[in-house]
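Please look through the sequence and the structure shown here. A short report on some of the local features follows.

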Amino acid sequence: MNEFSKIINWDNVFAQAETFQNNTPFKYGFIENVFYEDFYEKLYNTYPSLDTFEKGNTYSKSQLIKYWGKNNKSVIPSEGNDNNYSEEWNLLKKYLESDDFLKNMSKFSGILFNKLKFFSLIAHRKGGFQSPHNHNMGDSVAVAMFYFSKGWKEGEAGGTYVSSDMDESTILFEPYNLDNSMIIFQDGPVSWHGCRYVTKDAERRSLQIYLDRVEDGKFVGGGATEDDYGIEKTEKINI
Ligand SMILES: [Fe+2]
């Protein structure tokens, strides 16, 4: 028992490992009840107000984003705590950076991770969307979204779908349970995903992270694209 032992329900994560690793044309998976309930409720209840988020709109998306730490818009989250977030959110960020989390996610995915690369809250209100896109940072990277939205109904837009092409008609999977769940996929040239136009008057609240591998002081995968996050494109990141 340590400070991290009641955060992620690893039994629920590992139960989806085989599905994740066998899905095609790229690896993706969906995990429900990803957090232990008590911890999830604390995260849910202290998710920051969307009024404190920045607009992250481009021609291809309409979303709200809140970074961690000093707002330098770097791909890599600032080190340490951020007192704009609750105790539980600070503990979660610390855990997602830990060896324990990265080793378990490597075991789940079959991809070797040793560094958290991105940690930002991303939300949609009514009218939010993101066109189908891929990041193509490399197959050392996985992208994951944790959801904190109660009351989403079957068939409603708002979750990040994965698709086999840059066209919503090719959707492979779209999540509808956005209450304590996570979608994760391996990055690459065909890892298409997006979010259909949100038509309900509600808040689609999430946390997005990237996991990657550092070798010789550099991330193996590239950075996010300017189009994706409104940040400067980075090819290789020195840390
Ligand atoms: Fe994306």
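## A loop residue, a sheet and a helix pair

P189 is exposed, because 11 other C-beta atoms lie within 10 Å (a residue is exposed at 12 or fewer, buried at 20 or more and partly exposed in between, with C-beta atoms placed from the backbone). The model is predicted: local features need pLDDT of at least 70 and side-chain atom pairs count only at pLDDT 80 or more, while totals for chains, interfaces and linings use all residues. Residues are numbered from 1 along each chain as its sequence is written.

P189 sits in the loop between strand 10 (179–186) and strand 11 (192–195); strands are DSSP runs of E with at least two residues, helices runs of H or I with at least four, numbered from the N terminus. Leaving out residues up to four places away in sequence, P189 touches N134 and N136 (contact means C-beta atoms within 7 Å).

Elsewhere, helix 3 (residues 37–45) packs against helix 4 (residues 87–96) at about 115°, with axes 8 Å apart (axes are lines fitted to C-alpha atoms over the stretch in contact, and angles run from 0 to 180 degrees between N-to-C directions). Helix 3 contributes F39, K42 and L43 to the contact, and helix 4 contributes E88, W89 and L92.

Key:
Contact = placed C-beta atoms within 7 Å.
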